[in-house]
Amino acid sequence: MTPGSLWYQIQRDWKRGFAATWHERFVSQRILEWRNPYSELPHEEVPVHLLTGSDDWLLACWMLASWFHF
């Protein structure tokens, strides 16, 4: 990591706050590791449509996983 990159990340994290930085570094990894716990059960057809932006696709995946779980 170059000093300029480190400086940019420190400034960005300072502006966004600790919660956003925590989410990006730790929670997003849990989102990518999530697997369907009910994959062995028969599937029902339920249409779900979702509109999201390119910056928020990971949060949309987490929302769908949470919705599916509960």
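A: Start with the largest pocket. In this predicted model, the largest pocket has a volume of about 190 Å³.

Q: Which residues line the largest pocket?
A: The lining consists of Asn36, Tyr38, Leu41, Pro42, His43, Glu44, Val46, Val48, Trp67 and Phe68.

Q: And how does the lining of the largest pocket split by class?
A: Seven of the lining residues are nonpolar, two are polar and one is charged.

Q: OK, helices now. At roughly what angle do the axes of H2 and H3 cross?
A: Roughly 50°, and the axes come within 10 Å. H2 covers residues 18-33 and H3 covers residues 57-69. That angle makes H2 oblique to H3.

Q: Is that crossing of H2 and H3 left-handed or right-handed?
A: The H2 and H3 crossing is left-handed.

Q: Which residues meet there?
A: From H2, His23, Ser28, Arg30, Ile31 and Leu32; from H3, Trp57, Leu58, Leu59, Cys61 and Trp62. By class, this contact of H2 with H3 has seven nonpolar residues, two polar and one charged.

Q: What about H1 and H2, how do their axes cross?
A: The axis of H1, residues 3-16, comes within 7 Å of the H2 axis, and the two cross at roughly 120°. H1 and H2 are therefore oblique to each other.

Q: How many charged residues does the contact of H1 with H2 have?
A: Five, along with two polar residues and one nonpolar.

How values were computed
Residues numbered from 1 in each chain as written. Predicted model: local features only at pLDDT ≥ 70, side-chain atom pairs only at ≥ 80, totals over all residues. Heavy atoms only, no water. 1 Å grid on protein atoms, 1.4 Å probe; cavity = no way out; pocket = protein on both sides within 12 Å on 5 of 7 lines; lining within 4 Å. Points joined across faces, edges and corners; volume = space filled by probe spheres on them. Nonpolar A, V, L, I, M, F, W, Y, C, P; charged D, E, K, R; others polar. Axes fitted to C-alpha atoms, helices over the stretch in contact; angles between N-to-C directions. Helix = DSSP H or I, 4+ residues; strand = E, 2+ residues; numbered from the N terminus. Parallel < 35°, antiparallel > 145°, perpendicular 65-115°, else oblique. Left-handed = near helix turned anticlockwise from the far one by under 90°. Contact = heavy atoms within 4.5 Å.
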